[in-house]
Protein chains: 2
Amino acid sequence: MYPHYKTKESLLFAISVQGHESALLATTSADRPSDSPRDRLAATVAAYVIWHARNQSLAKVVQHELRSLSPDHFKYIASIRRRTSEVFARIIQLGNEQEAFHTIDAEAATLAITSLGVDVSRWFPSHAYSDPEVLAERYVELALRMVGAVN
Amino acid sequence: MYPHYKTKESLLFAISVQGHESALLATTSADRPSDSPRDRLAATVAAYVIWHARNQSLAKVVQHELRSLSPDHFKYIASIRRRTSEVFARIIQLGNEQEAFHTIDAEAATLAITSLGVDVSRWFPSHAYSDPEVLAERYVELALRMVGAVN
């Protein structure tokens, strides 16, 4: 099936690069730096959640099998993941500086927003949520509350 | 190693029952029904997060390998999981009724709180968070914000 990959690890790495780059691109593409922090957080959280819902099978593999990668490959993937988290982290920081947000702990909020998105790949779809857009809308509301967004 | 289990599935089921019952017990034991909804949510979310951090290896297996269970065993485990989610759902509902909370969507808040706890088993510990109690404190703050808890 995959004649070009000599080992399972190299196949997993190739899939992981593709998956993580795709999630990063989906998130950064949704970001409009000229918008308000509130709108930017809403757009990027929605894109991240929708990516994990629409690509559930791929996302599940690339988010849950990282420990099967070689140390060098793990480091490479970790760097893509960090860039994705930093999209949220920077918007949250800016929102706090502009007093559009009032986080208690910006790092914890970034972790929680990222974690909620990733975990979609474990359970999606469920009985209650099978539409990526509806789920994204709910999670955006929750993310805005987590950062203490001013209405 | 496991002479009493005839198949991998029966071993996974036994571990899954143990893990899910342990998480449910940790959560229900932390709940003091005479406390305020705010204190009850804080105590149960903390217990759920701490359980997933302290039992990371077990939690990872029982939360991520459910689809390898037989349909009947899956149903049984799903019923324990539902009872755990219902602990949060009932407290959130009560909080809304008493106007201690102002959720936008109680079901989404329950899902997010449960999901954040479960996902701890994927990533814990991280560079930033290696103390279950510190993580629980941050996640309690975020959970209270998600449900619109009144200060």
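Is Glu137(B) buried, exposed or partly exposed? In this predicted model, Glu137(B) is partly exposed, with a relative accessible area of 46%; buried means under 20% relative accessible area and exposed over 50%, with partly exposed in between (1.4 Å probe, protein chains only). Local features need pLDDT of at least 70 and side-chain atom pairs count only at pLDDT 80 or more, while totals for chains, interfaces and linings use all residues. Residues are numbered from 1 along each chain as its sequence is written, chains are lettered from A and ligands numbered from 1 in the order in which they are written, and side-chain values use heavy atoms, with hydrogens and water left out.

**Salt bridges**
- Over all chains, the count is 10 salt bridges (a side-chain nitrogen of Lys or Arg within 4 Å of a carboxyl oxygen of Asp or Glu).
- Glu137(B) pairs with Arg138(B), with the closest N and O atoms 3.5 Å apart.
- Salt bridges that share partners join Asp105(A), Glu137(B) and Arg138(B) into one network.

**Buried pairs in chain A**
- Asp31(A) and Arg40(A) form a salt bridge at 2.8 Å between the closest N and O atoms; Asp31(A) is buried at 14% relative accessibility, and Arg40(A) is buried at 12%.
- Arg122(A) forms a salt bridge with Asp119(A), the closest N and O atoms lying 2.7 Å apart.
- Arg122(A) is buried at 9% relative accessibility and Asp119(A) at 0%.
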